Amino acid sequence: MKVFLLQRKRLTALACALAAAAMFYVVNYPAAVSAYATDRQLPIYCVQRDQKMLSISFDAAWGNEDTQQLIDILGKYNVKATFFVVGSWVDKYPESVKALHDAGHEVMNHSNDHAHMSQLSKEEIIADVEACNDKIEAVTGVRPTLIRPPYGEYDNNVITAIRSIGMEPIQWDVDSLDWKDLPASEITQRVTSKAQPGSIVLFHNAALHTPEALPGILEKLLQEGYTFVPISQIILPGTYGSDYTIDHTGKQIPAIAAPAQ
């Protein structure tokens, strides 16, 4: 017991010393700490936009019960959305992928088989992404430029691998939580209360109450003066660092408006 207590005291003393050293470093070398903090690579969650514009997106990985219904609802309000589809979904439902494209919606990448990309090597990530790109291009004639990593999971390796092949990773800042089978009224309240200029809204196809909620959401936001554009049209063009940056929240910001680093 005495030996245990002695070891515990030594460990406590060591922990205190390390904490003190860390605090000294933060206080005396803030620039270095800040640089380290910004080393994390982030996808785009939303975009700084002065105009009242936002993007509607859907993830398609499993079922296909309501895809045509979603196309019809969006068509009624003349809204173009972005659909992130999994390669295996393309294999099962090529006619729906073509219908989405023919209706003017963007068909983008959601991985080939919905794997946890953070568990893959850079080479495996690229192979997975390109396999899905090939399938989408074979049906639509258009090669995707955007991808939403499955489960919303990513790390630096995932983001750098995606950007190394000229694609942009996309997240969202407004989550409908429709996959939880929330009532349509709750989905509507969540989305309309959280949407703001430059938002990217997340829905899913084959979610129980999304077709019921979608018309009310579109009507309310249209009444508030919003316009809807596909994600490729809401994100800022150009090169990271020179034309735009991404802040710690994942907001894409024009370089001229970005705070000095």
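Predicted model: local features only at pLDDT ≥ 70, side-chain atom pairs only at ≥ 80, totals over all residues.
Student: How many bridges join β10 to β11?

Tutor: Three bridges join them, and the two strands run antiparallel. β10 and β11 also form a hairpin with four residues between them. In that turn you will find Gly 250, with a positive phi of about 90 degrees.

Student: In what order do the strands of this open sheet lie?

Tutor: The order is β1-β11-β10, three strands with mixed pairing. β1 (46-47) and β10 (244-246) each have a single partner strand, so they stand at the edges and one side of each is left without a neighbour in the sheet.

Student: In which sense does β1 pair with β11?

Tutor: In the parallel sense, over two bridges, with β11 covering residues 251-254.

Student: Which residues are buried in helix α7?

Tutor: In α7, which spans residues 156-164, Val 158, Ile 159, Ala 161 and Ile 162 are buried. Viewed down the axis of α7, they fall within an arc of 165 degrees, so they line one face of the helix. Their cover includes α6 (122-140), β5 (146-147) and β6 (168-169).

Student: Which residue caps the N-terminal end of α7?

Tutor: Asp 155 does, with a side-chain oxygen 3.1 Å from the backbone nitrogen of Asn 157. Past α7 comes Gly 166, whose phi is positive, near 80 degrees.

Student: You named α6 as part of that cover. Could we look at a residue in it?

Tutor: Let us take two. Ile 126 has its place in α6, and its relative accessibility of 22% makes it count as partly exposed. Beyond neighbours within four places in sequence, Ile 126 is in contact with Ala 161, Ser 164 and Ile 165. Ile 126 and Ile 165 are 39 residues apart along the chain, while their C-alpha atoms are separated by 7.6 Å.

Student: What about the second residue?

Tutor: That is Asn 133, also placed in α6. Its relative accessibility is 1%, so Asn 133 counts as buried. The Asn 133 side chain makes a polar contact with the side chain of Asn 109, at 2.8 Å. Setting aside neighbours within four places in sequence, the contacts of Asn 133 are Asn 109, Arg 143, Pro 144 and Met 167.

Student: How should I read a nonpolar core?

Tutor: In soluble globular proteins, nonpolar side chains tend to be buried together. Here the largest nonpolar core has 38 residues, and Phe 58 and Phe 203 have the most contacts inside it. α9 supplies the largest share of this core, five residues. A second, separate core of 29 residues includes Phe 84, Ile 125, Ile 235 and Tyr 244.

Student: Which residues does Phe 58 touch, not counting those up to four places away in sequence?

Tutor: Among them are Leu 70, Leu 74, Phe 83, Phe 84, Phe 203 and Leu 214.

Student: And the chain as a whole?

Tutor: It has 10 helices and 11 strands, and buried residues make up 44% of its 261 residues. Of the contacts between residues at least 6 apart in sequence, 74% join residues at least 24 apart.

Student: What pLDDT does the chain average?

Tutor: The average is 88, and 84% of the residues score at least 70. Over residues 1-37, though, pLDDT stays under 50, and the model has five contacts beyond four places in sequence for that stretch.

Conventions
Residues numbered from 1 in each chain as written. Heavy atoms only, no water. Pairing = 2+ DSSP bridges. Buried < 20%, exposed > 50% of the residue type's maximum accessible area, 1.4 Å probe, protein only. Arc of directions from axis to C-beta. Contact = heavy atoms within 4.5 Å. Polar contact = N/O pair within 3.5 Å; in protein donor to acceptor, adjacent residues only side chain to side chain. Core = buried A, V, L, I, M, F, W, Y, C linked by side-chain atoms within 4.5 Å. pLDDT = per-residue confidence, 0-100.
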